[in-house]
Amino acid sequence: MRTDTQSAIARVFPEIDFATDPLPDFHQRMAALRDAGRRVVPVNYLGATAWIILRHEDVSALYRNESGVPAAPAYRRHSEPAQGKTLLCMEGDEHRVNRLLVSGAFHPGAIRRRIDTLLRPLADELIDSLAGSSGVDLVSAYTHRYPFKVITGLLGIPVEDEPELHQWLDGLFQFPWNPSLALEARAAITAYLAPIVQQRRAQPQDDLLSLLAAAEVEGKRLTDEEIFSFVRLIFPAGADTTYLSLGSLLWAVLRDDALRETLLADAALHAAAVDEGLRLYGAVCLQPRYTERQINVAGVTIPANSALLYGNATANRDPAVFTDADTFRLDRGAHHKSVTFGGGPHFCLGSHLARAEIEVSLGALLGRLPGLRLADPAQPGPQGAVLRGVRELPVLFDAVLPAG
């Protein structure tokens with residue numbers, strides 16, 4: 001709801017709603033603001049005022065300042081009623097212990113063990129399904145399906161149940177626009193998961209649901225509802241963001257002949273390409289937060305009860321931090337200061353999984369689809385401002401080579 005104070009604020013680009021408009025020129029607009037010396041700007045967001053934080057220094061400091069600007073208030077408003085009390089709604093010791101309880105499956109070593117047993121076989125399965133074709137929309141045929149199948153595989157969800165689960169999740173994500181549908185979907189997911197979790201408690205298997213059911217830290221174990229909430233979180237946090245980031249990286253690679261040939265010739269560069277793709281095209285372009293009290297950022301007073309938008313994408317292109325900030329470079333090194341996955345105590349738990357999925361997919365698609373190219377060299381790139389990415393990617397290829 002717009003307050004009198006908000007309505008009096010002069011927003012930049014007032015004709016744009018940063019929550020819903022496609023904004024193909026987002027980066028150009030943000031660069032113009034940075035070049036003009038702006039660090040914090042008010043914008044139109046769902047008809048009210050939100051404050052975009054533009055510079056890397058300020059975004060990084062806010063992520064670290066969890067006690068001053070906690071993540072929980074934003075998530076309590078826009079996701080807790082549908083998803084339940086997830087890690088993003090927790091603070092302090094509750095967050096620390098619950099994060100430890102679920103983190104085991106997402107450590108780098110655990111992800112490496114899944115590459116040959118889950119990630120690569122699923123990539124090959126989807127690519128095999130393209131046999132007999134010479135062109136597809138790579139989003140609908142691969143990038144949208146792959147992260148979802150990885151998560152259901154990690155959880156141990158039967159393959160035959162995936163379509164129904166996907167339908168419920170689509171309903172869950174309608175909150176807050178269609179709250180009744182979202183709450184019906186939450187109830188359906190809970191009813192589906194309850195007997196599976198009970199079975200895993202009694203007879204553990206080699207899957208994430210079994211790990212969650214058995215995990216114990218400092219004498220605490222996860223309740224059934226805490227497991228359900230984690231599952232409700234992992235799909236939007238893991239599948240949606242990864243599919244958008246993957247599609248954007250593939251668009252960037254396929255529109256640059258030299259980059260594509262370099263990556264075809266040297267698989268050792270794929271990890272660097274993934275890091276650079278995530279810096280330039282990470283899906284969480286603007287990260288929502290919420291102020292419950294007045295704060296000051298870079299000399300700008302932001303009122304209490306205001307929406308914040310941490311500019312991950314603008315920070316990742318900040319020329320004060322990144323040389324040739326808008327250029328895709330494979331020589332930046334693995335430890336550059338990207339904020340793609342946030343920062344502080346809520347740093348993305350699934351960052352290693354996302355990187356592994358994107359790297360496996362990049363290698364499999366380039367290696368098994370010779371001549372892979374954009375169907376239209378002028379194919380539009382990523383769109384959106386909060387969740388930004390490529391939602392259609394028509395491609396052509398010469399053949400589908402066998403796996404291995």
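**View A. Lys149 and its contacts.** Leaving aside neighbours within four places in sequence, Lys149 is in contact with Leu122, Glu125, Leu126, Val159 and Glu162; contact means heavy atoms within 4.5 Å. This is a predicted model, in which local features need pLDDT of at least 70 and side-chain atom pairs count only at pLDDT 80 or more, while totals for chains, interfaces and linings use all residues. Residues are numbered from 1 along each chain as its sequence is written, and side-chain values use heavy atoms, with hydrogens and water left out. Lys149 belongs to helix α9; helices (H or I, at least four residues) and strands (E, at least two) are DSSP runs, numbered from the N terminus. With a relative accessible area of 9%, Lys149 counts as buried. Here buried means under 20% relative accessible area, exposed over 50% and partly exposed in between, with a 1.4 Å probe and protein chains only.

**View B. Helix α10 and what covers it.** Within α10 (residues 162-172), the buried residues are Glu162, Leu165, Trp168, Leu169, Gly171 and Leu172. Gln83 is itself buried, at a relative accessible area of 11%.

View C. Six of the six residues of β2 (residues 48-53) are buried, so the strand is largely enclosed by the rest of the structure. In a regular strand, side chains alternate between the two faces of the sheet. In β2, Ala48, Ala50 and Ile52 point one way, and Thr49, Trp51 and Ile53 the other. Strand β1 (residues 40-45) pairs with β2 in the antiparallel sense over six bridges, where two strands pair if DSSP finds at least two bridges between them. Two residues separate β1 from β2 in a hairpin, and Leu46 in the turn has a positive phi of about 55 degrees. Strand β9 (residues 306-310) runs parallel to β2, and four bridges join them.

**View D. An open sheet of three strands.** The strand order is β3-β11-β10, with antiparallel pairing. β3 (135-137) and β10 (373-374) stand at the edges with a single partner strand each, so one side of each has no neighbour in the sheet. Three bridges link β3 to β11 (residues 394-396) in the antiparallel sense, and Asp137 stands opposite Pro394 in β11.

**View E. The largest nonpolar core.** In soluble globular proteins, nonpolar side chains tend to be buried together. The largest core here has 91 residues, of which Leu119, Tyr142, Tyr146, Phe230, Phe235 and Leu393 touch the most other members. Helix α13 gives the most to this core, with 16 residues. A nonpolar core is a set of buried Ala, Val, Leu, Ile, Met, Phe, Trp, Tyr and Cys residues joined through side-chain atoms within 4.5 Å. What does Phe230 touch, not counting residues up to four places away in sequence? Its neighbours are Leu87, Val102, Phe106, Leu208, Leu212 and Leu349. A second, separate core of 20 residues includes Met30, Val41, Tyr45 and Val386.

**View F. Aromatic pairs.** The whole structure holds seven aromatic pairs. Rings of Phe, Tyr and Trp (its six-membered ring) pair if their centres lie within 6.5 Å; planes under 30 degrees apart count as stacked, over 60 as edge-to-face and the rest as tilted. Tyr142 and Tyr146 have ring centres 5.2 Å apart and planes at 15 degrees, so they are stacked. Tyr142 is buried at 0% relative accessible area, and Tyr146 is buried at 0% as well. For Phe148 and Phe235, the centres are 5.4 Å apart and the planes at 40 degrees, so this pair is tilted. It links distant parts of the chain, 87 residues apart, with Phe148 in α9 and Phe235 in α13. Phe148 and Phe235 are both buried.

**View G. Charges over rings.** The charged end of Arg29 sits over the ring of Phe13, 4.8 Å from the ring centre. For Arg279 over Phe322, the distance to the centre is 5.0 Å. A charge sits over a ring if NZ of Lys or CZ of Arg is within 6 Å of the ring centre and within 35 degrees of the ring normal.
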